[in-house]
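Subject: Structure handover

Hi,

Here is the structure I promised to pass on. Please load it first; my notes follow below.

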Amino acid sequence: MSAQQKHAWFNLVVAGMAILAYFALWPLIGPWRAMGAFGLLGFAGFNAFFYLKGKKSGRVVSDERDQAICAKAHTVAWSVIWVSIIAAFLVALRFFGEDGSIPIRGLGMFLWWSFCAFLVVQSLATLILYARR
Amino acid sequence: MSKSGLTNEIRRLRFEHGEMTQQDLADQVAVTRQTIIALEAGRYAPSLPLAIRIARFFEVKVEEVFQLNGED
């Protein structure tokens, strides 16, 4: 398994844990304060360790094929995020009307879910592309 | 054969070069072993620089390593 695949699995687990924690906290502290569960997404930063081990051995950790897969997965993930942003605007317009305003915590909620969705889609796309290529 | 119609002789050339491992070849041409596996399985079409590096390593022409099917 390549470093990128480990990276993708790790991100998937981190995003899954954050989503599970959010829904576990929701009944206890409510949907807004449960957003604290998304702090778990910070663990995604530890995926740099997957590249350090390979670098220490002096072997190539990432090459042109990995970069091509990574770029494609990024494109897929960004496409999903763009669609979700447009959908969120349309939903907000429907709920709050043309002269309404979006609550700040609603914006926070949207950003957290978008980040989570990005991680999940990018990781899944990466794993699928590795399996196919 | 890959979607691009590209086939290659990497596996044969590897064995003719002292039965070198995929990892050895990967180290020589600066890619990961997974990329060599994908190349040999025809699941990946390499970039031109990588194709040239592989051909140079085996001391053959690029066309002797990679063939485009459907071309005369």
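Salt bridges first: between chain B and chain A the count is zero. Keep in mind that this is a predicted model.

Polar contacts do turn up. Four residue pairs, both residues at pLDDT 80 or more, are in polar contact across the interface of chain B and chain A. On the chain B side that touches chain A, two elements give two or more residues: α2 (22-29) and α3 (33-40) of chain B. Of the elements on that side, α3(B) gives the most, with three residues.

Now the extent of the interface. Size is often quoted as the accessible area lost when the parts come together. Here, about 1100 Å² is buried between chain B and chain A. Carbon and sulfur atoms give 46% of that area. The contact draws 13 residues from chain A and 14 residues from chain B.

Next, the surface of chain A. Which residues make the nonpolar patch of about 750 Å²? They are A:V91, A:F95, A:F96, A:I102, A:I104, A:L107 and A:L111. Two elements of chain A give two or more residues to this nonpolar patch: α3 (64-96) and α4 (104-132).

Is A:L107 buried or partly exposed? A:L107 has a relative accessible area of 42%, so it counts as partly exposed. Patch residues must have over 30% relative accessible area, so A:L107 clears that cut-off with its 42%.

Best wishes

Notes. Residues numbered from 1 in each chain as written. Chains lettered and ligands numbered in written order. Predicted model: local features only at pLDDT ≥ 70, side-chain atom pairs only at ≥ 80, totals over all residues. Heavy atoms only, no water. Patch = residues over 30% accessible without salt bridge, like charges linked within 9 Å, V, L, I, M, F, W, Y side chains within 5 Å. Areas by Shrake-Rupley, 256 points an atom, 1.4 Å probe, with all protein chains shown as cover. Salt bridge = Lys/Arg side-chain N within 4 Å of Asp/Glu carboxyl O. Helix = DSSP H or I, 4+ residues; strand = E, 2+ residues; numbered from the N terminus. Buried < 20%, exposed > 50% of the residue type's maximum accessible area, 1.4 Å probe, protein only. Contact = heavy atoms within 4.5 Å. Buried area = accessible area lost by both parts, 1.4 Å probe. Polar contact = N/O pair within 3.5 Å; in protein donor to acceptor, adjacent residues only side chain to side chain.
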